[in-house]
Amino acid sequence: MAQLVKLEPGDILVLSNVGEEQAEAILRHWESVRAAIGVEHILVFEGDVDLSKVSPDALAGS
């Protein structure tokens with residue numbers, strides 16, 4: 001299921017269920033993608049979102 005959202009500068013983009021190959025491609029190019037769309041962070045999950053795997057510092061934007 002696709003969802004369309006409006007991103008604001010400084011937002012955190014969360015992508016889930018992208019698959020291993022796609023996750024690796026995103027991670028290889030994350031800096032240019034992040035800069036192009038203006039988000040603070042991009043969190044990529046191959047499967048379902050599991051925020052327990054993300055450090056509190058990453059979620060706080062530090």
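A: Buried means under 20% relative accessible area, exposed means over 50%, and partly exposed is what lies in between. Asn-17 has 48% relative accessibility, so it counts as partly exposed. Keep in mind that this is a predicted model.

Q: Where is Asn-17 found?
A: Asn-17 sits in the loop between β1 and α1.

Q: And what's up with the phi of Asn-17?
A: Its phi is positive, about 55°, although Asn-17 is not a glycine.

Q: Which element has the lowest mean pLDDT, and which the highest?
A: Helix α3, residues 56-60, has the lowest mean at 69. The highest belongs to α1, at 89.

Q: OK, switching to charges. How many salt bridges does the structure hold?
A: Two. One joins the side chains of Glu-8 and Lys-6, at 3.4 Å from N to O. The other is between Glu-31 and Arg-34, where the closest N and O atoms are 2.6 Å apart.

Q: Why would side chains like that pair up at all?
A: In general, side chains of opposite charge can pair when their charged atoms come close.

Q: Take Glu-8 and Lys-6: are they buried or exposed?
A: Lys-6 counts as exposed because its relative accessibility is 70%. Glu-8 has a relative accessible area of 38%, so it is partly exposed.

Q: And where do Glu-31 and Arg-34 lie?
A: Both are in helix α2, which covers residues 30-37. They are three residues apart, about one turn of the helix. Glu-31 is partly exposed, as its relative accessible area is 39%.

Q: Still on charge: which residues form the negative surface patch?
A: Glu-20, Glu-21, Glu-24 and Glu-46.

Q: What about Glu-24, where is its place?
A: Glu-24 is in helix α1, residues 20-28. With 37% relative accessibility, it counts as partly exposed.

Q: Now the greasy side. Which residues form the nonpolar patch on the surface?
A: Ile-12, Val-14, Val-49 and Leu-51. Together they have about 290 Å² of accessible area.

Q: Which strand does Ile-12 lie in?
A: Strand β1, residues 12-15.

Q: How exposed is Ile-12?
A: Partly exposed, since its relative accessibility is 31%.

Q: How far is Ile-12 from Glu-46, in sequence and in space?
A: They are 34 residues apart in sequence and 17 Å apart in space, C-alpha to C-alpha. Ile-12 is part of the nonpolar patch, while Glu-46 is part of the negative one.

Q: Last one, Leu-7. Where is its place?
A: Leu-7 is in the segment before β1. It counts as partly exposed because its relative accessibility is 30%.

Q: And how far apart are Leu-7 and Val-39?
A: In sequence, 32 residues; in space, 7.3 Å from C-alpha to C-alpha.

Terms used: Residues numbered from 1 in each chain as written. Predicted model: local features only at pLDDT ≥ 70, side-chain atom pairs only at ≥ 80, totals over all residues. Heavy atoms only, no water. Patch = residues over 30% accessible without salt bridge, like charges linked within 9 Å, V, L, I, M, F, W, Y side chains within 5 Å. Areas by Shrake-Rupley, 256 points an atom, 1.4 Å probe, with all protein chains shown as cover. Salt bridge = Lys/Arg side-chain N within 4 Å of Asp/Glu carboxyl O. Lys, Arg positive; Asp, Glu negative; His and termini not counted. Charge placed at Lys NZ, Arg CZ, Asp CG, Glu CD. Helix = DSSP H or I, 4+ residues; strand = E, 2+ residues; numbered from the N terminus. Buried < 20%, exposed > 50% of the residue type's maximum accessible area, 1.4 Å probe, protein only. pLDDT = per-residue confidence, 0-100.
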